[in-house]
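Visitor: Please show me the structure, and then I will ask about it.

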Amino acid sequence: MKKPKNYKWQKNDGTGTMSWHLRSEHGLGPEGEEGSSGGGQAQLHRYASDMPGTGMPFVYNRDRMIAEFVCESSNYEYFNRVALQPQYRKVPRNTLKRRTQQSYYAYRGYLMEMFRTYDGCVSLTSDTWTSTYGELFVCVTAHWIDDDWLLQKRIICFEAMEDAHNGFNIKSRLVSCCKNFHLVDKLFSISLDNATANTSAMQFLKEDPSIKLVLNGSLMHVRCCAHILNLCVQDGLDELRTLLEPIRNVIRWIRAARSAKRIFKQKCEEYGLRKKVIALHTPTRWNSTYKLLHDAIAYRDVLTDMYNESRATDGQFITNDHWSLAKIVHDVLETFDNATHIFSYVYEPNIHTVILECIKIICTIKQTSLAKPGAAVKRLLDNMKVKWCAYFTRFPPIYAIAAILDPGLKLEGLTNLLTFYYQQLDVQFDVPYYVSNCKRILERLCEDYGAVIKPQPVGSSTVLLDSGFLDPEYLTYQFESEENFHIIQWWKNHSSNFPVLARIAKNILAIPASIIASESAFSAGRRVLDKKDLVFLPKALKCVY
């Protein structure tokens with residue numbers, strides 16, 4: 001067949017033109033030639049079954065597939081060979097383990113080099129977890145905004161912790177992690193839950209001379225806001241356990257007994273509802289009570305009939321009073337759920353929203369209390385408020401500084417928000433003094449950052465960096481509300497106007513308000529450490545993260 005000129009298709013050419021193009025330009029052709037798949041058909045890719053970091057190790061790492069299924073299932077092999085790739089063969093367990101480890105160490109080296117050359121600060125989250133086999137694990141995640149102004153998150157440590165779970169050992173593990181990834185002089189903050197060991201670990205870390213901290217570590221310790229909200233909810237619900245117990249009992253019964261499941265299905269059909277699995281209450285799981293009540297209220301008629309028919313002999317019934325109480329508690333907890341959802345963002349900034357979300361919660365508590373909901377709910381709200389004041393009577397400065405860096409708030413907006421907040425909280429607080437103190441901390445940051453940033457040329461002029469005080473042009477800048485406002489994008493667009501503040505914002509807005517990044521890693525860890533998935537011993541579990 002003659003090679004068509006310039007590979008132009010003609011009316012009677014068929015597929016010969018494409019074959020000549022693939023063979024001469026891409027090295028693809030019939031069997032016997034490079035990249036061929038046989039049968040005279042061109043193959044547009046090469047099957048890379050032996051490359052670490054691709055193929056099965058990639059799927060295993062990302063989707064947490066069970067190794068028994070990946071390595072030993074003949075059905076899975078048959079499906080791949082027939083439907084996807086004829087050259088696919090089962091991957092032995094040891095091969096999967098070796099390639100996964102190769103992929104892990106290659107990417108770990110890439111992260112180390114990236115952090116070594118990164119011109120900015122990194123914030124960490126950390127948490128510990130005990131597996132079903134009794135091993136204690138520690139997870140550390142790194143959060144930063146890259147040169148393209150995108151918020152990034154990576155797990156840099158997921159290892160078995162053989163030492164005792166105390167403050168000194170936690171500090172030692174964090175220091176080791178920082179040294180391995182060249183973060184000893186780039187650490188800005190660490191988000192942790194409210195365990196006593198974590199608090200002492202932060203004190204040990206401030207005293208460690210090998211770690212260079214911003215402003216001597218005054219902004220380093222960030223407490224997990226979602227964990228605090230859960231503590232407030234659980235303290236309040238202690239007062240309502242007896243009143244809400246009938247609703248919880250009928251849900252437990254439906255989840256545990258086959259006969260109850262059949263009755264529940266029949267009742268749902270009678271009321272024209274779709275059968276669903278109602279969430280259980282778990283004190284340590286954030287918002288589990290809200291999710292239980294949210295589902296239960298939608299099925300209140302079904303649950304009432306089931307409970308009352310089963311307990312008719314002992315005279316215990318679910319009444320409208322129970323559901324009225326459940327609805328009030330549900331509406332209060334809905335605000336907590338919304339705030340927890342925002343605090344759980346990983347790839348969106350949330351540190352600047354903490355004060356605003358706290359105001360929404362305290363307003364809901366006060367409005368519910370003024371509505372005279374009854375003695376039981378009043379005790380619930382009072383207990384919540386006591387726990388709330390233990391953590392949020394005085395906000396850590398980092399939340400206020402992040403709010404100042406929100407161009408829609410700045411100093412004036414922060415002052416107005418805090419004034420309203422303490423009015424709703426019924427607490428006397430010197431707001432002007434607090435705001436001025438936060439301003440001084442931000443000015444100290446401007447002084448430190450301004451000393452290391454060189455003046456930047458813009459056009460024919462040069463932007464002089466004012467350090468040591470908060471840029472007055474930023475405070476007087478007229479911010480126009482945008483429909484799809486994104487705070488990181490705003491600072492990216494105005495980094496040439498406010499170079500020092502933009503660099504500070506880049507580091508502060510990367511701080512996570514919760515430790516959900518580490519918590520989600522533990523959720524995956526439960527699946528990886530399944531009895532059928534013992535490819536990796538606990539010490540090597542880090543390779544699948």
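Guide: This is a predicted model, and a few questions and answers on it follow.

Visitor: Which residues have the most contacts inside the largest nonpolar core?
Guide: The largest nonpolar core has 103 residues. Those with the most contacts inside it are Phe336, Trp388, Trp491 and Ile508.

Visitor: Which residues is isoleucine 508 in contact with, leaving aside its neighbours within four places in sequence?
Guide: Contact here requires heavy atoms within 4.5 Å. With neighbours within four places in sequence set aside, the partners of isoleucine 508 are Phe188, Ile351, Ile398, Ile401, Ala402, Leu405 and Leu445.

Visitor: How far apart are the end C-alpha atoms of helix 8?
Guide: Helix 8 covers residues 225-237, which is 13 residues. At 1.5 Å a residue, helix 8 should span 18 Å. The value in the model agrees with this: the end C-alpha atoms are 19 Å apart.

Visitor: Why is helix 8 described as largely enclosed by the rest of the structure?
Guide: A residue counts as buried under 20% relative accessible area. Among those of helix 8 that are buried are Cys225, Ile228 and Leu237. Helix 8 is largely enclosed because the buried residues number ten of the 13.

Visitor: Which residue in strand 5 stands opposite serine 191?
Guide: Strand 4 (residues 187-192) has six of its six residues buried. Three bridges join strand 4 to strand 5 (residues 221-223), and the two run parallel. In strand 5, the residue opposite serine 191 is valine 222.

Visitor: Which strand 4 residue is the bridge partner of serine 123?
Guide: Strand 1 (residues 122-130) and strand 4 run parallel, joined by four bridges. Serine 123 has as its bridge partner in strand 4 serine 189.

Notes:
Residues numbered from 1 in each chain as written. Predicted model: local features only at pLDDT ≥ 70, side-chain atom pairs only at ≥ 80, totals over all residues. Heavy atoms only, no water. Core = buried A, V, L, I, M, F, W, Y, C linked by side-chain atoms within 4.5 Å. Buried < 20%, exposed > 50% of the residue type's maximum accessible area, 1.4 Å probe, protein only. Expected span 1.5 Å × (residues − 1). Pairing = 2+ DSSP bridges.
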